Structures are given as C-alpha cells and as structure tokens.
Amino acid sequence: MWARLGTGAGQGLADSGLVGGKDFKFERSGWSGKSSEYQADQIARYAAELFKRQVALILTSSNTAALAAKTVADTTPIVFLADDPVAAGLVDGLTQPGGNLTGVANIDSALIAKKIEIAQDLVPAMDLVVLVTDPTNKPTHDIEIREAQAAANALGLQLSIVTWTGEHSFEAELAALPRDRKAVLVFGSGLPFIIQRAYLAYMAVQYGFPAIHGFREAAEDGGLISFGTRLEDGGRLMGFYAARILKGDKPADLPVQKLTKTEFVINRWSAKSLGLQIPPTILARADEVIK
C-alpha cells in the first residue's frame, strides 16, 4: 500500500512544482510492517527515529501511525491519511486542525453498510455477515461495528464480529466460523488488513468464504472483491499538503481534506476458485474486473 500512497504523494509534490532529489527526498522509518510491531508504542519508536533525524515533515497512512507520531513529534509537521481524524484525537476540527497535524480524512468505516449490500447482491442466499475488525484501531473499530449492526438489521441478516489485530494466524478465526451457513467476510480498516492483505485474501479463498476487502490491492493480490477509497488519491492530496508545508504553510492553517471517491474491484479468478457466478449486473457496476 505504501508504494501506491508514495507514488501518489510524489505526484502531488511534483504537481506542486517540487522535484524529488532536488527539493526534497523521502526517508522511511525503520518499521518493517511485521505483525509484532503493530502496537502504537512500537510504531512510536520508529516515528521517534524520524523526529531525531530532524526531518521536515512526517507522512503517515493510518490512525495508529498518526497517533504514534503525534506522541513523539510535537513540533514536526505531520500529514496523515486517517479515518475520522477528529474522533481519533488527531485534530481539533476538520476546518481548523490546530497543532502540527493535518491531512486527509478517509471514509472507510462509513462504507461498511455498502460493503454488506454488495455482499448480499453477490450471495443472495447470505444469512451471516462476518465483520473482521481491529479492536486497537480506535475509533474506527467502534464505528464499523455500529454501521455493520445497523446494515445487518435492515437487511434481516445475522452479524458476527471477529476481532483480529494481526498478531497471530487468522486461520483459527476462519476455522471457528460455521461452515453450514452462507457467510460472507467483510474486512474493516487498519494496519493488519493493509499489511497482510494477500495472506487474508488467500486464507478466505482457502476456507471457501467470499470476502470483501477495503483496498484494491487486496483484490489485486487474490481477494474476491474490494470496495473503498482510492489510496492514490489520498497520497496525492498528502503530497499537495506536504508541498505547501515545505513552502512555508503551517499545518494548523490547512483544513483536513475529505477523500470521498470510491472504487469497486472484482477478481474473477477468485470468484471461479470459490465457485461463484458473479451476476452481470454486479460486473457492470465494477470499476475494474481482474480476470
């Protein structure tokens, strides 16, 4: 995911007239994305390394990473991509962020209901929605559960909540799900679902569960369906703001932008592996069909 965000950020910087290698250069933290490093205190340690290097600004791509950076870099400008940054405590408000953070507000947690609607269209006999959510990803975790419960009630479906932080194998959770039910997995937002998207996509297909992911990269890596915002768009907006800060603007004066454009991607190979016949009406709605 960082490659796509980074490409978008680089494009945003370039479109603002800044040239990589001349006007700026990217430095990465020591964080490798390993499951043992998902906790905020571990990520904060790597953010602190960037702070010690006296970088001009820090780019972060999740609530957890932004909050971790905020705890150690109280003066370095931070540009984030985050879900509900006000509720997460990153900024005071969208129009007047305050402090040293600004960036892009994602809407992934608000898309849970739409994902469940897509799941029902895909599997009309579905009677069980399995929401897989990261309990450490606050407040997104709570919003996802609330949205999923409301959608399931409206559609007359049963909802099951599976919490997963990425620190152990997902196989145990899948093995515990009822195999005699028409169940569909709906993945929420958070670092585990970004970093381990290929693994989760593979395991869902292996256990025979249709699954809807939040990032197109998951569909590219073998997931059945992805529905969510465009990460490249988020990266580009982050790049625009990074350029403005490098040119002298203060984060507190830059209103948080909202990322609202979504994309719907279907992987027909995964559908075939699951024995699913995707209705032509759903194929027609897709922004991209991977064959």
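Predicted model: local features only at pLDDT ≥ 70, side-chain atom pairs only at ≥ 80, totals over all residues.
User: Are W164 and F170 buried or exposed?

Analyst: The cut-off for a buried residue is a relative accessible area under 20%. W164 has a relative accessible area of 1%, and F170 likewise stands at 1% relative accessibility. W164 is therefore buried, and F170 also counts as buried.

User: What kind of pair do W164 and F193 form, and how many residues apart are they?

Analyst: The ring centres of W164 and F193 lie 6.0 Å apart with 40 degrees between the planes, and the pair is tilted. Both W164 and F193 are buried. W164 belongs to the loop between β5 (158-163) and α6 (171-176), whereas F193 belongs to helix α7 (residues 191-195), so that the pair links distant parts of the chain, 29 residues apart.

User: Where is F170 found, and which residues is F170 in contact with beyond its neighbours within four places in sequence?

Analyst: F170 is found in the loop between β5 and α6. The C-alpha atoms of F170 and M203 are 7.8 Å apart in space, although the two residues are 33 residues apart in sequence. Leaving aside the neighbours within four places in sequence, the residues in contact with F170 are V132, V162, W164, F187, Y199 and L200.

User: How many cavities of 30 Å³ or more are found, and what volume does the largest cavity have?

Analyst: Rolling a probe the size of a water molecule over the atoms shows where empty space is left. A search of the whole structure finds two cavities of 30 Å³ or more. The largest cavity has a volume of about 140 Å³.

User: Which residues are the closest to the centre of the largest cavity, and which element gives the most to its lining?

Analyst: The largest cavity is lined by 17 residues, of which S61, S62, N106, D108 and S189 are the closest to its centre. By class, this lining of the largest cavity divides into seven nonpolar, eight polar and two charged residues. Two or more residues of the lining come from each of β2 (78-83) and α7, and the element that gives the most, with three residues, is β2.

User: Which residues line the second largest cavity, and how do they divide by class?

Analyst: The second largest cavity holds about 50 Å³ of space. By class, the lining of the second largest cavity has five nonpolar, three polar and one charged residues.

User: In what order do the four strands of the open sheet stand, and which strands are at the edges?

Analyst: Strands of a sheet pair through backbone hydrogen bonds, either parallel or antiparallel. In this open sheet the order is β1-β2-β3-β9 and the pairing is parallel; three bridges join β1 to β2, and the bridge partner of I58 in β2 is I78. One side of each edge strand is left without a neighbour in the sheet, because each has a single partner strand, and these edge strands are β1 (58-60) and β9 (257-258).

User: Where is the peptide bond from K138 to P139 placed, and is it cis or trans?

Analyst: P139 is found in the loop between β4 (128-133) and α5 (140-155). With omega near 0 degrees, the peptide bond from K138 to P139 is cis.

User: What are the phi values of Q54 and D84, and how exposed is each residue?

Analyst: Q54, in the loop between α2 (40-52) and β1, has phi near 60 degrees, a positive value in a residue other than glycine. D84, in the loop between β2 and β3 (101-106), has a positive phi near 50 degrees. Q54 counts as exposed at 71% relative accessibility, whereas D84, with a relative accessible area of 30%, is partly exposed.

Methods:
Residues numbered from 1 in each chain as written. Heavy atoms only, no water. Buried < 20%, exposed > 50% of the residue type's maximum accessible area, 1.4 Å probe, protein only. Phe/Tyr/Trp six-rings, centres within 6.5 Å; stacked < 30°, edge-to-face > 60°. 1 Å grid on protein atoms, 1.4 Å probe; cavity = no way out; pocket = protein on both sides within 12 Å on 5 of 7 lines; lining within 4 Å. Points joined across faces, edges and corners; volume = space filled by probe spheres on them. Nonpolar A, V, L, I, M, F, W, Y, C, P; charged D, E, K, R; others polar. Pairing = 2+ DSSP bridges. Contact = heavy atoms within 4.5 Å.
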